[in-house]
Amino acid sequence: MAKKRVGIGAKKRFEIFKRDGFRCMYCGAHPPSVLLHVDHVKPVAEGGGNDELNLVTACERCNSGKGARPLSAIP
């Protein structure tokens with residue numbers, strides 16, 4: 001059964017962006033040319049949580065493309 005999604009607060013979201021240098025960890029894109037999201041490396045649907053080690057900065061395009069798949073499932 002999938003884990004219930006719990007929101008990531010604004011403070012934690014900002015700390016993840018700051019840790020990652022305000023850059024997408026997948027393609028390197030950065031504002032103002034992209035909108036940044038916080039992505040779960042191990043998707044919530046696969047049991048991933050909101051701990052800092054499971055969260056990375058991703059641009060909207062990379063986050064949408066990855067979806068609810070773990071990185072190991074993406075060619």
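This is a predicted model: local features need pLDDT of at least 70, side-chain atom pairs count only at pLDDT 80 or more; totals for chains, interfaces and linings use all residues.
Local features need pLDDT of at least 70, side-chain atom pairs count only at pLDDT 80 or more, and totals for chains, interfaces and linings use all residues. Residues are numbered from 1 along each chain as its sequence is written, and side-chain values use heavy atoms, with hydrogens and water left out.

Start with the layout. The protein has 2 helices and 2 strands. These are DSSP runs numbered from the N terminus: helices are H or I of at least four residues, strands are E of at least two. Along the sequence the order is α-β-β-α.

Now the strands. Strand β1 covers residues 36-40. Strand β2 covers residues 55-59. The two pair in the antiparallel sense over 5 bridges; pairing requires at least two DSSP bridges between strands. Within this pairing, Val38 has Thr57 in β2 as its bridge partner.

Strand β1 is largely enclosed by the rest of the structure, because 4 of its 5 residues are buried. Buried means under 20% relative accessible area, exposed means over 50%, and partly exposed lies in between (1.4 Å probe, protein chains only). Across the protein, 31% of the 75 residues are buried.

Next, the loop between α1 (10-19) and β1. Gly21 lies there. Gly21 is partly exposed, with a relative accessible area of 44%. Gly21 and Thr57 are 36 residues apart in sequence, yet 8.8 Å apart in space, C-alpha to C-alpha.

Finally, contacts. Among those with a separation of 6 or more, 58% join residues 24 or more positions apart. A contact means heavy atoms within 4.5 Å.
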